Amino acid sequence: MSAQFFNYPGTESNATDYHYSQAVKIGNVVKTSGQGGWDEQGKITPALEKQIETAFDNVLKALKAVDPTLSFDSIYAIRSYHLDMESSFDVMTSIFKRIFPNHRPIWTCIQIGKLGLEGMQAEIEVEAIIG
């Protein structure tokens, strides 16, 4: 079984500059790299809730770059990285309740000192299953 790598529109410069992909497909499993709250121009919003919502939008873009049938319902595992757990934990769980109304993915939530891009307050990576 071989790995196939994917990017979505707007992330081409990251792929080139930092030499990585946004998602990988191995069999019927899809994993994303850490998704942040960047827009199509690479700008990161400073508002925490909007940043996390945008990160989840980017998660969905990464999944759909692999298979257009993938959705939030396909996600079974989440890892999130936070600069300030106290300010972001409730925001994250509130968004979970909205985007995962029918299931509860497993979740590992970690506070760290710095994220990959300046201005990022949270980063989200997921695993999803096709089918």
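Modeller: The side chains of K61 and E40 meet in a salt bridge, with N and O 2.9 Å apart; the term stands for a side-chain nitrogen of Lys or Arg within 4 Å of a carboxyl oxygen of Asp or Glu. K61 belongs to helix α2 (residues 48–66), while E40 sits in the loop between β3 (29–32) and α2, so the pair ties together parts that are 21 residues apart in sequence. Helices (H or I, at least four residues) and strands (E, at least two) are DSSP runs, and they are numbered from the N terminus.

Before going on, please keep in mind that this is a predicted model, in which local features need pLDDT of at least 70 and side-chain atom pairs count only at pLDDT 80 or more, while totals for chains, interfaces and linings use all residues. Residues are numbered from 1 along each chain as its sequence is written, and side-chain values use heavy atoms, with hydrogens and water left out.

How exposed are the two partners to their surroundings? K61 has a relative accessible area of 30% and is partly exposed, and E40, at 48%, is partly exposed as well. In these terms a residue is buried under 20% relative accessible area, exposed over 50%, and partly exposed in between, with a 1.4 Å probe and protein chains only.

By the rule for salt bridges, the count comes to 5. One of them joins R98 and E53, whose closest N and O atoms are 3.1 Å apart. This pair links distant parts of the chain, since R98 is in helix α3 (residues 85–99) and E53 is in helix α2, 45 residues apart. R98 is partly exposed at 47% relative accessible area, and E53 is also partly exposed, at 24%.

Another salt bridge brings together the side chains of R79 and E127, with an N to O distance of 3.1 Å. R79 lies in strand β4 (residues 75–82) and E127 in strand β6 (residues 122–129), so the pair ties together parts that are 48 residues apart in sequence. R79 is partly exposed, with 21% relative accessibility, whereas E127 is buried, with 13%. The pair also belongs to a network of salt bridges that links R79, E125 and E127.

E127 leads on to a residue that it touches. S74, found in the loop between α2 and β4, touches T69, E127, A128 and I129, not counting residues up to four places away in sequence; a contact here means heavy atoms within 4.5 Å. S74 is itself buried, at 13% relative accessibility.

Helix α2, which holds K61, is also where E49 is found. E49 is partly exposed at 41% relative accessibility, and it touches V91 and I95 when residues up to four places away in sequence are not counted.

H19 is in the loop between α1 (12–18) and β2 (23–26), is exposed at 74% relative accessibility, and has a phi near 55°, a positive value in a residue other than glycine.

Now to the whole chain. Its secondary structure comes to 3 helices and 6 strands, and from the N terminus on the elements run β-α-β-β-α-β-α-β-β. The radius of gyration is 14 Å, close to the 14 Å that the globule rule gives for 131 residues, so the chain is as compact as a globular protein of that length. This radius is taken over C-alpha atoms, and the globule rule is 2.2 Å times the number of residues to the power 0.38. Along the principal axes, the C-alpha atoms fill a box of roughly 40 × 35 × 20 Å.

Of the 131 residues, 44% are buried. Among contacts between residues at least 6 apart in sequence, 68% join residues at least 24 apart.

Finally, the charges are counted over the chain: there are 11 positive and 16 negative side chains, and the centres of the two sets lie 5 Å apart. Lys and Arg count as positive and Asp and Glu as negative, while His and the chain ends are not counted, and the place of a charge is taken as NZ of Lys, CZ of Arg, CG of Asp or CD of Glu.
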